[in-house]
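Biologist: Could you put the model up on the screen? I would like to ask where some of the words used for it come from.

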Amino acid sequence: MSGRRLRDALQPARRLRHIRRPRRSLWRRIERLTEGASRLAAGSFDQRVPVEGDDEIAQLAQAFNSMAGQLQTSYRSLEERVTERTRALETSLQISRRLSTILDQETLTQEVVDEVQRAYNYYHVHIYLFDLGRQYLLMVGGTGEAGRAMLLRGHRLKAGQGLVGRAASRNEIMLVPDVREAPDWLPNPLLPDTKSELAVPITFDGKVQGVLDVQHNVVGGLDSGDVDLLQTIAAQLAVGLQNAQLLTQVQTRAERAARINTISQRIQHTTSVEQALQVTVRELGGALPVSSAYIELEAQSQSRINETWQAFLNAIDRPERLVYCYAGGIVSAEPKLNVIDAVGENSLNASLEVKNELIGHVRLNPQPQQHWTPQDLELLEAVAAVVAQQVENLRLLAEAEHYREEAEKALRRFTREQWEEPDAGPGGYLYDGRLVTPLLIDDGVHDIARPLLVRGERVGELMVDVEGLSPANEAAELVSAVAARLSAHVENLRLSRQTEIALADVQRRSDELAHLNRVVTRIAATLDLRNSLQIVVEELVAVTAADQARIGLLNGERSALKIVSEQFDESRSPSALGLEIPVEGNALTQEVLSTARPVVIRDAQNHPLTAPIRGMLYEQGIQTMIVLPIMAGNEIIGTVGADILSMDVDFGAEDLRLAEMVVFQAATAIQNARLFEQVQTTLAETRALYRASAELNRARSYDDLLDVLRLHSVAGEDSNMLSLTLFDVPWTDSTTPEWINVLAHWSPHPVQNPTVRFSLQDYPALKIMERDRQAMIEDVATDSRLDSRSRCALLNAFRARAVLAMPLVAGGQWIGHVNVMYPEPRNFSESELQQLRNLVGQAAVAVQSINLLKETQARAQRERVLREITARVRSVTDIDVIMKTAVREVSRALERDAFVMLGEASSNGENETEQAG
């Protein structure tokens with residue numbers, strides 16, 4: 001009621017004060033009016049007084065009843081708004097708490113739609129998420145029978161189609177209070193009663209993940225209040241979906257690692273190249289959604305590796321091309337099929353490589369409508385590396401078996417060519433009755449001649465002249481017997497020599513395989529990278545002529561090798577563990593890295609390639625150096641260096657071949673160990689993220705949010721300042737804030753009177769801030785993006801040498817920043833930044849929840865004060881006391897000077913005014 005209307009209503013009562021002798025009925029009417037006012041002031045808003053007559057008291061009663069009706073309506077509406085806001089806040093907090101505990105996407109989305117529909121009695125609620133190609137929005141959660149039916153049939157919308165599609169493609173909230181007035185609105189036959197609709201994008205880290213869509217069966221049933229509510233829920237849902245996706249990724253990665261390990265073990269248990277290929281194509285066909293799978297071995301180039309494979313695939317012992325096909329659960333040989341020339345558009349392919357040389361291919365053809373994922377390619381490449389290593393091992397084993405068979409054949413076979421070798425000595429011997437001399441010339445005419453036969457092969461002849469001897473037949477028999485015995489004896493002598501050679505060769509090959517199997521077994525028994533590398537250097541020293549060995553891995557910039565494992569004689573050499581060896585200026589390392597081939601340096605102390613380290617070679621007495629590359633796929637990830645300390649020991653071809661085998665095994669071990677470490681690290685980071693997420697959802701103040709960020713992210717690592725700031729208005733393309741409000745501040749050092757508000761123009765990192773990515777300054781002193789004023793402010797006022805500003809984005813709006821400052825320059829890894837991005841994204845939602853809670857509490861407080869003031873004012877019947885009470889209570893509630901004025905300006909310009917205090 002306005003001041004003028006209140007004055008007019010109470011003017012008759014003021015006049016009544018001058019009536020000296022009111023009638024009895026008049027007083028009774030006034031008493032009723034006074035009693036009604038008292039009950040109204042006590043909260044009985046349904047109170048009414050009877051209207052009698054048409055005089056001024058009747059007019060006052062009518063005004064009172066009208067005022068009581070207005071108050072009753074206002075209070076009912078006010079209570080409904082308070083109840084609605086309280087319920088909205090409670091639902092939002094309840095959903096937030098549930099989101100922190102649900103890590104399954106299907107369960108998460110269904111619970112959200114059910115809870116929202118139940119809490120607000122909407123006609124229908126559903127959630128859409130983008131598919132992998134971001135071409136379609138797939139419905140993943142819906143309420144009621146309609147929701148179940150749409151889920152069952154895989155309901156989807158094309159991006160940009162309909163209200164939901166436009167909200168997703170534009171990243172904008174779409175509100176249609178009356179669908180009849182929206183010509184492009186798409187009706188759903190399963191939801192015939194839809195009258196209004198609201199689509200809110202689900203956005204995380206600036207990227208739209210999907211849409212939360214609500215429909216109501218009331219025209220105008222959805223308004224700006226629903227927009228605010230659903231924006232908060234959509235932001236919380238985005239965080240929950242991100243957590244669920246992270247868990248799914250980690251679980252998928254762990255399952256993929258386990259599957260790779262299982263397939264690898266089955267491949268490594270094969271005993272022939274053919275069996276390894278068949279097992280590989282069968283396991284890939286069973287592990288991935290393929291219509292068919294092919295694997296092929298064929299050595300084509302003239303490299304050293306391919307020469308050995310060409311000798312293996314020689315078209316005699318086995319085909320020149322080994323091809324196996326998997327289809328319909330059956331593995332079959334397809335030797336004539338040209339697999340590589342028949343690659344389809346959506347085929348998934350991987351190369352089989354040995355020491356960076358191509359020896360074959362694997363190809364997978366997908367099932368209809370199947371799209372490969374990066375995880376499928378990762379599994380295929382990992383299996384391809386394992387099978388390439390296994391077939392190389394089996395080829396070596398087959399080669400050793402071949403040598404053994406050849407040695408056994410040598411024990412059973414002599415050929416004439418072997419007895420006619422140029423180094424076999426003289427062509428024969430002659431005894432002249434006095435002396436045995438070499439036979440230089442043989443005229444070929446003798447009385448008795450008997451061949452020397454070895455396994456049916458003529459290898460020589462025993463000749464005797466028997467002139468004058470009789471009987472001749474006895475001489476012939478004697479010569480024949482001697483020839484037979486001589487043949488057997490010389491065969492035994494030569495056989496013994498050849499046997500020793502063959503046995504030595506077989507033993508050497510067997511020893512190599514035993515060494516190789518021991519290395520494989522030891523490395524396979526551990527997934528720890530450091531242990532794997534230590535096994536490599538130990539075995540390298542054990543199986544070759546090397547006295548010491550060290551492994552160096554390239555850093556991320558490939559500018560230096562860091563020694564990570566070593567086996568050495570402590571009495572002759574110091575430890576080099578942890579030493580970084582620059583690649584620049586190191587000619588020996590550069591040659592190995594550029595050629596991807598091992599280098600053997602004999603007389604190392606005088607060789608030109610070792611000039612930079614000659615002093616070290618002298619000091620340790622190194623005579624021969626061997627450096628071998630460690631290959632991971634097509635990339636060199638490090639080197640193995642082996643040293644010989646004696647001048648009398650040579651590192652021969654057999655040593656080099658065995659060393660390459662050991663290093664070849666090491667490369668796969670390094671990859672497996674790294675994969676395992678990555679999975680474990682990801683699991684640990686994810687568990688920490690879940691803990692932090694739960695703590696963020698429980699946060700009830702801005703300081704609580706900072707504590708979570710400080711304890712669970714890079715924001716708390718050696719920082720000297722952490723703050724949570726909010727713009728005065730969201731920063732959009734059309735609106736730029738003027739002020740930044742500091743909601744919370746943390747520092748390890750006491751800060752007196754910290755700034756709680758400052759101009760955006762005074763923010764030092766303003767020029768490099770963006771809504772979609774963090775602003776990062778790794779060294780304030782050298783960053784060229786900073787002007788001199790900003791650099792001085794950061795260095796002097798904030799004492800910061802490194803700065804990280806992470807944007808707060810909630811409901812698609814850029815609302816502020818989390819700022820971290822460090823006293824020293826520092827680099828930020830991608831994993832550190834990703835962890836902080838995830839937490840800041842959740843913190844933005846928490847900020848909105850805290851703001852909503854504070855706003856609701858403030859509104860409730862204002863409404864409580866209003867009720868108290870109204871009650872006090874209504875309990876007073878004297879107009880002067882009413883004015884004084886009202887101005888006093890308003891002044892106390894607002895903590896400001898308050899004024900109240902009745903009437904209009906008088907002719908002399910004066911008003912009737914009461915002032916508090």
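This is a predicted model: local features need pLDDT of at least 70, side-chain atom pairs count only at pLDDT 80 or more; totals for chains, interfaces and linings use all residues.

Modeller: Let's go through the words one at a time, with the values beside them.

Modeller: Some ground rules: residues are numbered from 1 along each chain as its sequence is written.

Biologist: What is pLDDT, and what does the protein average?

Modeller: pLDDT is the predictor's confidence in each residue, from 0 to 100. The protein averages 76, and 70% of the residues score at least 70. Strand 1 (residues 124–130) is highest, at 92, and strand 29 (residues 912–915) is lowest, at a mean of 43. Over residues 336–342 the pLDDT is below 50, and that stretch has 10 contacts in the model beyond near neighbours in sequence.

Biologist: What makes something a helix or a strand here?

Modeller: Both are DSSP runs, numbered from the N terminus: a helix is H or I over at least four residues, and a strand is E over at least two. Helix 4, for instance, covers residues 105–120.

Biologist: Why are helix 4 and helix 7 called roughly antiparallel?

Modeller: Their axes are 10 Å apart and the helices pack at about 165°. Axes are lines fitted to C-alpha atoms, for helices over the stretch in contact, and angles run from 0 to 180 degrees between N-to-C directions. Under 35 degrees counts as roughly parallel, over 145 as roughly antiparallel, 65 to 115 as roughly perpendicular and the rest as oblique. So helix 4 and helix 7 are roughly antiparallel to each other. Contact means heavy atoms within 4.5 Å, and among the residues making it are L108 and V112 of helix 4 and L237 and G240 of helix 7.

Biologist: How many residues of each class are in the contact of helix 4 with helix 7?

Modeller: There are 10 nonpolar, 4 polar and no charged residues. Ala, Val, Leu, Ile, Met, Phe, Trp, Tyr, Cys and Pro count as nonpolar, Asp, Glu, Lys and Arg as charged, and the others, Gly among them, as polar.

Biologist: What about helix 7 and helix 8: why are they roughly antiparallel?

Modeller: The axes of helix 7 (residues 224–268) and helix 8 come within 9 Å and cross at roughly 155°. That makes helix 7 roughly antiparallel to helix 8. The contact of helix 7 with helix 8 has 4 nonpolar, 1 polar and 3 charged residues.

Biologist: How do you know which strands pair?

Modeller: Two strands pair if DSSP finds at least two bridges between them. Strand 10 and strand 11 (residues 357–366) pair in the antiparallel sense over 7 bridges, and A350 stands opposite V362 in strand 11. They belong to an open sheet of 5 strands in the order 9-8-7-11-10.

Biologist: What makes strand 9 and strand 10 edge strands?

Modeller: Strand 9 (330–333) and strand 10 (348–354) each pair on one side only. The twist averages 15° from one strand to the next.

Biologist: Which strands stand at the edges of the open sheet of 6 strands, and why?

Modeller: That sheet has the order 24-23-22-27-26-25, with antiparallel pairing. Strand 24 (757–759) and strand 25 (775–777) each have a single partner strand, so one side of each is left without a neighbour in the sheet.

Key. Side-chain values use heavy atoms; hydrogens and water are left out.
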